[in-house]
Amino acid sequence: MKKTSGKAKPSAPLITVIPREQHPISRKDISENALKVLYRLNKSGFEAYLVGGGVRDLLLHKKPKDFDIATNATPEQVRKLFRNCRLVGRRFRLAHIMFGPDVIEVATFRGSHEQTECNDRNQSHKAQSGMLLRDNIFGSVEEDAARRDFTINSLYYGIEDFALRDYVGGMADLEEGIIRLIGDPETRYREDPVRMLRAVRFASKLNMTIEETTAEPILHLAFLLKEIPPARLFDESLKLLQAGHGHSTYKLLREYQLFEPLFPLIQRGFTQRGDSAMEKLLEQVLKNTDYRLQNDKRVNPAFLFAAILWYPLIEHAEKLTQEGGLQYYDAFALAMNDILDEQCRSIAIPKRHTTTMRDIWLLQLRLPRRQGKRANKLMEHPKFRAAFDLLELRASIEPRHELKELVHWWIEFQQSTPSQQRGMISELGSEPVRRRTRQHRGGINRPRYNRN
């Protein structure tokens with residue numbers, strides 16, 4: 001996507017009130033639970049606004065995923081009004097109001113931390129890099145608008161008069177399709193480096209362009225993502241790559257050199273022309289993921305990560321085989337540990353997913369071995385379908401004839417009757433007898449310690 005020219009807009013709020021008859025937002029498009037929260041806060045004497053992505057998406061005629069609320073009520077005051085409320089977060093104190101599985105997030109207006117930072121370290125605190133470690137300074141709605149990240153996310157819908165309030169030119173940027181940070185971009189990125197990922201995600205998701213001044217600091221600040229907790233980056237990676245626009249997001253991440261902090265193992269395999277087997281597989285799996293999501297099909301993060309890390313895995317396994325004198329199967333088992341350990345330093349993939357990734361990877365070694373009862377047992381494996389999908393993906397990328405033949409055999413086997421399956425297995429002949437070798441002490445039966 002192209003960058004637009006222009007300068008960053010000043011952070012000083014100049015309010016524009018857009019009355020109900022001049023905007024398309026209707027209460028019938030707002031969550032009933034969000035309306036309940038807005039009305040109760042308002043009737044209790046507090047200011048309350050629908051804000052953020054919910055307002056933005058309604059203005060774009062999209063269905064919001066979440067409805068967030070901003071108010072001048074403190075988190076403790078919100079909790080007193082709602083029995084179904086719990087307070088969460090230390091870095092940003094928030095109120096979550098629970099309506100069964102539906103959660104309405106309520107945030108108190110944030111004020112300027114610069115004025116109070118030195119006086120109250122418990123409420124506002126920055127790291128030396130400029131990252132905002134704690135921010136519970138409360139203020140007015142005008143201050144809150146100036147503290148939000150992007151202009152298009154700083155529009156406030158009031159339940160009292162159904163009007164929109166725009167303090168930072170968000171409506172104009174929304175109409176022009178511009179992603180623009182509020183305030184000085186470098187300062188805002190240093191406060192929270194994840195904003196760089198959010199800029200790319202919104203540009204891709206909303207088919208918008210990143211304003212030039214907003215884009216300029218990203219290349220030399222991308223390294224700051226290494227300071228973000230890996231668990232938070234796991235959540236962000238799913239928003240980036242598993243939200244239905246992963247392929248275009250990946251292109252932008254590479255353009256702004258933001259992919260390397262997330263997947264350092266992948267970065268080493270990038271080429272100038274982008275035509276290596278690893279890059280082709282990465283693009284194809286993201287295109288497939290987008291297609292499934294756009295057609296309301298389920299996707300599993302474990303499959304995506306298993307595909308993304310497949311080529312670094314086999315490269316490392318081959319290296320261990322050559323340097324350590326191990327049998328390939330043993331080297332492959334050790335390589336899985338190493339690759340997962342390394343990746344989880346950047347993105348903390350939960351154990352439930354790394355377990356599935358291991359199954360998918362190990363089945364790549366087992367799928368060629370179909371003699372006897374093995375083929376039927378493999379089909380009974382709970383991760384067979386995912387493993388076969390990766391095999392099929394590899395065959396579409398790699399020029400190896402035997403891989404394509406293997407995929408064709410498994411497709412036919414799955415569609416055959418039991419008697420036809422027995423015939424197909426019989427045609428394979430007997431598997432060559434292999435000499436038993438003493439398993440290496442570091443082999444698959446005694447994997448080395450791994451944090452996952």
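**Notebook: cysteines, cores and helix α14**

I looked for disulfides and found zero in the structure. The model is a predicted one, and my entries should be read with that in mind.

Cys 85 has 11% relative accessibility, and because the cut-off for buried is under 20%, Cys 85 counts as buried. Cys 344, at 6% relative accessibility, also counts as buried.

Next I turned to the nonpolar cores. The largest has 105 residues. Leu 41, Leu 258 and Trp 361 have the most contacts inside this core.

I listed the contacts of Leu 41, leaving aside neighbours within four places in sequence. Leu 41 touches Phe 46, Ala 48, Ile 69, Thr 71 and Ala 73, as well as Val 78, Leu 81, Phe 82 and Val 106.

My last entry is on helix α14, which runs over residues 277-294 and has 18 residues. From first C-alpha to last I get 26 Å, close to the 26 Å expected at 1.5 Å a residue. I looked up which residues in α14 are buried. They are Met 278, Glu 279, Leu 281, Leu 282, Glu 283, Val 285, Leu 286, Thr 289 and Asp 290. An α-helix has 3.6 residues a turn, so residues three or four places apart point the same way. Just after α14, Asp 296 has a positive phi of about 60°.

Key: Residues numbered from 1 in each chain as written. Predicted model: local features only at pLDDT ≥ 70, side-chain atom pairs only at ≥ 80, totals over all residues. Heavy atoms only, no water. Core = buried A, V, L, I, M, F, W, Y, C linked by side-chain atoms within 4.5 Å. Buried < 20%, exposed > 50% of the residue type's maximum accessible area, 1.4 Å probe, protein only. Contact = heavy atoms within 4.5 Å. Disulfide = S-S within 2.5 Å. Helix = DSSP H or I, 4+ residues; strand = E, 2+ residues; numbered from the N terminus. Expected span 1.5 Å × (residues − 1).
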